[in-house]
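This briefing concerns the predicted model shown below. Please read it alongside the sequence and the coordinates.

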Amino acid sequence: MERQGNAPPDDIPLVLARDGQHGPVVHAANRAARLAGIMAGSRVVDMRALCPDLQVAYADQAGDRAALDRLVLWARRWCPWNVRDGDDGLILDTTGSDHLLGGEAAMLVEMETQLSLLGLTSRLAVAPTWGAAWALARHGPVRAICGAEDMVVKLGALPVTGLRLDPATVLLLRRLGLKTIGAVMDVPRLSLTRRFAKAALPTNPLLRLDQALGKLAEPVSSVDPAPRLIVQSRLAEPIFDPTPYLPALCADLCDQLQQAGQGCRRLHLTIYRTDGDISHLSVAMSALSRDPVHLNGLFRDKLDRINPGYGFDLIALEAADLGAVKTVQSNLDGGSDDDLELAHLLDRLAARFGDRAVTRPVLRASHIPERAEMRLPVLADAPALMPVPASERPIRLLDQPEEVRVLYAVPEGPPAQFVWRRQTHRVTRYAGPERIAPEWWRDRPGTRLRDYFKVEDQIGRRLWLYREGLHSDGRGGDPRWFVHGMFA
Amino acid sequence: MALLHMQKTLQGFPPQPGLSRFTLSEVFVETAADAAALGFALARLPRGQRPVLWVQDRVSRKESGYPSLAGIGPLRPIIMVNVTRAADVLWTMEDGLRCRSLGGVIGEIWGDPAVLDFTATKRLALRSEAAGVPCWLIRRLAHPNLSAARDRWRIGARPSAPHPHDSQSPGAPRWAVELFRSRHAKPGQWVASYDRAADRVDLVAAVSDRTLDAGDGAAGQRAAG
């Protein structure tokens, strides 16, 4: 199956490459490339020699796998029991489903149509076993349908590569003169058994043949989506305030979480109004939790944001962002778990004031003071390592540096006196300047440098001033002065 | 001149003035542009890497800036809460004092809001003592009206100590510290100097010809409050 979302024209030879032992190798090739003699598994440089105008792109194998996993769930529209088969196939257990779609032939046409609407080309086959369907889809006729009675005939005509063997075994069988599956079937079983008695499944043509013919069981085990943890409370008559029902809902949900051995980081409360509308409310937590009292407390100040309309008669509470939580024993000496207490505090604060009001400042590698500090939401994880500032910094910074009027003795020197917030500060002592140049890779052209001074005024207040620019830098008029922070 | 070293003890009654158990301390700051009170409060927090819950109302942040991690030091994590109203500041501080794993709670409130009354400060003080978490309430442009804070300070900046290498530049910070009401210690005025390397605050009597009485706040010396 090939992805054809925004595929290049079919007449350009294109291959997808992946990293091999000695440089990139061909992962997949389009039709034009295959016609030019390019085979999957060979090295890209060799194939370039074969076909000079070859286009190469790198394969996203993990992405392909994830897309195929999504397709497994999507394919449940036809039958409920599907599984991904290797990196390029799906197995659908259509037993009992085909008659709903008008028989097997009609079902295959329907599947091919739907897949082509997704932009995918597909090769489909129906067979009684996994192995036979695999072989027919890859090597058989278009939309092959094979029953139990003609399986031996239909499989026998296919090449031995249809047995899902690894390339070395296929090569060995070819050298033995066994080119088709039929030829392998005709060989007396005893001699093959002697040859391949101890071989593992992918290198054992006998076991593979038994699987394809149904003599060896190969069940399809479909993936299960994670169960949704949701509790509901159906009310006898419409109400306007869900508060009295929440503790019971939280307790039920936490019981379910406990049985599943899980905790949640997010709760969705949905109320279903009598006028057919619904409204939502979500709270998030900083750590996995299944403590009913804590979860209930997070909704305390938020419930008035729900619009009850004409009342509602169904409340649903769903746990999301699930993760495994081990059961931990609380301290026997009556002490409390520090981390847990802190996590609960952060949850309460974030639930009440919002994610943006509760932050955790972290340092970043920058000399510009306002960029050296970043505020992370407290529910996110903090970085482990923070850079240490090189020189002394004030313990307070102003949100916006405030402009001051300055008297100075020399233009490039420290201020002698300045007026800030209508108060005159006379500079008694100063340290500096510390020159901080603009970050040319981020700042607009024309941004002026800053010369920072730590000054102390007549009553001892220590402030952090800076002069923006120089007199002769040609980036505007006279430099301006700003107060940026306060030292202790 | 009497010199006292204030050591950071974890529990029990310390003999030094003003160094009581972890409780609510209220600090009044004369001007918005004075970070002396914050330096004093930070220096008095217990050592360790427990996070500090820092709550500011909107006006405080606008007028006097925000705490900068680069200046305070990255070793002590800060949880910053920015709210609009003084009532929210008090709610957050009270909620934070329920959590014993904090290294301290610092709240900044601008002016004299009606919600900051005797009851509110009493709740903070009791919570702080129950949890064993120091709580500092920084008040700017405020009147020292009725309050249940165990220690009430008035703190401002003083010209700094001489710089050991450069006579022109400011040296180690000094603060003018006045304990004007205290439950456990005798009120007084000092000049505090802070030794950053040792993380130690030294108190020197502000008036040099009066010796400092190192009383432990026993009967007869207790100030009203």
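The points below treat the interface of the two chains, then selected features of each chain.

The model is a predicted one, in which local features need pLDDT of at least 70 and side-chain atom pairs count only at pLDDT 80 or more, while totals for chains, interfaces and linings use all residues. Residues are numbered from 1 along each chain as its sequence is written, and chains are lettered from A and ligands numbered from 1 in the order in which they are written.

**Contact between chain A and chain B**

- The contact draws 44 residues from chain A and 40 residues from chain B; two residues are in contact if their C-beta atoms, placed from the backbone, lie within 7 Å.
- On the side of chain A that touches chain B, at least two residues each come from α13 (338-353), β15 (358-363), β16 (373-377), β17 (396-408), β19 (423-436), β20 (450-457), β21 (462-468) and β22 (480-486) of chain A. Helices (H or I, at least four residues) and strands (E, at least two) are DSSP runs, numbered from the N terminus.
- The largest share of that side, eight residues, is supplied by α13(A).
- By class, the side of chain A that touches chain B comprises 25 nonpolar, five polar and 14 charged residues. Ala, Val, Leu, Ile, Met, Phe, Trp, Tyr, Cys and Pro count as nonpolar, Asp, Glu, Lys and Arg as charged, and the others, Gly among them, as polar.
- β15(A) and strand β5 (residues 78-82) of chain B run antiparallel and are joined by two bridges; two strands pair if DSSP finds at least two bridges between them.
- Val358(A) has Val81(B) as its bridge partner in β5(B).

- α13(A) packs with helix α4 (residues 86-96) of chain B at an angle of about 165°, and their axes are 10 Å apart. Axes are lines fitted to C-alpha atoms, for helices over the stretch in contact, and angles run from 0 to 180 degrees between N-to-C directions.
- α13(A) is therefore roughly antiparallel to α4(B); angles under 35 degrees count as roughly parallel, over 145 as roughly antiparallel, 65 to 115 as roughly perpendicular and the rest as oblique.
- Leu345(A), Arg348(A) and Leu349(A) of α13(A) make the contact with Thr92(B), Asp95(B) and Gly96(B) of α4(B).
- By class, this contact of α13(A) with α4(B) has two nonpolar, two polar and two charged residues.

**Features within chain A**

- Strands β3-β2-β4 of chain A, in that order, form an open sheet of three strands with mixed pairing.
- β3 (23-29) and β4 (55-58) of chain A are the edge strands, each pairing on one side only.
- From one strand to the next, the twist averages 45°.
- Strand β2 (residues 14-20) of chain A runs parallel to β4(A), joined by four bridges, and Ala17(A) has Tyr58(A) as its bridge partner in β4(A).
- The axes of helix α5 (residues 130-139) of chain A and helix α10 (residues 205-213) of chain A come within 5 Å and cross at roughly 95°, so α5(A) is roughly perpendicular to α10(A).
- That contact involves Trp130(A), Gly131(A), Ala132(A) and Ala135(A) of α5(A) with Arg208(A), Gln211(A) and Ala212(A) of α10(A).
- Gly140(A) is situated in the loop between α5 and β9 (144-145) of chain A.
- Gly140(A) is buried because 22 other C-beta atoms lie within 10 Å; a residue is buried if 20 or more other C-beta atoms lie within 10 Å of its own, exposed if 12 or fewer, and partly exposed in between, with C-beta atoms placed from the backbone.
- Leaving aside neighbours within four places in sequence, Gly140(A) is in contact with Ala125(A), Ala135(A), Lys154(A) and Leu158(A).
- Cys264(A), in strand β11 (residues 262-273) of chain A, is buried, with 23 other C-beta atoms within 10 Å.
- Cys264(A) and Ala320(A) are 56 residues apart in sequence and 5.8 Å apart in space, C-alpha to C-alpha.

**Features within chain B**

- Chain B contains five helices and eleven strands, and 44% of its 225 residues are buried.
- Among contacts in chain B between residues at least 6 apart in sequence, 74% join residues at least 24 apart.
- Strand β10 (residues 188-195) and strand β11 (residues 200-205) of chain B pair in the antiparallel sense over six bridges, with Ala205(B) in β11(B) as the bridge partner of Trp190(B).
- β10(B) and β11(B) form a hairpin with four residues between them, and Asp199(B) in the turn has a positive phi of about 50°.
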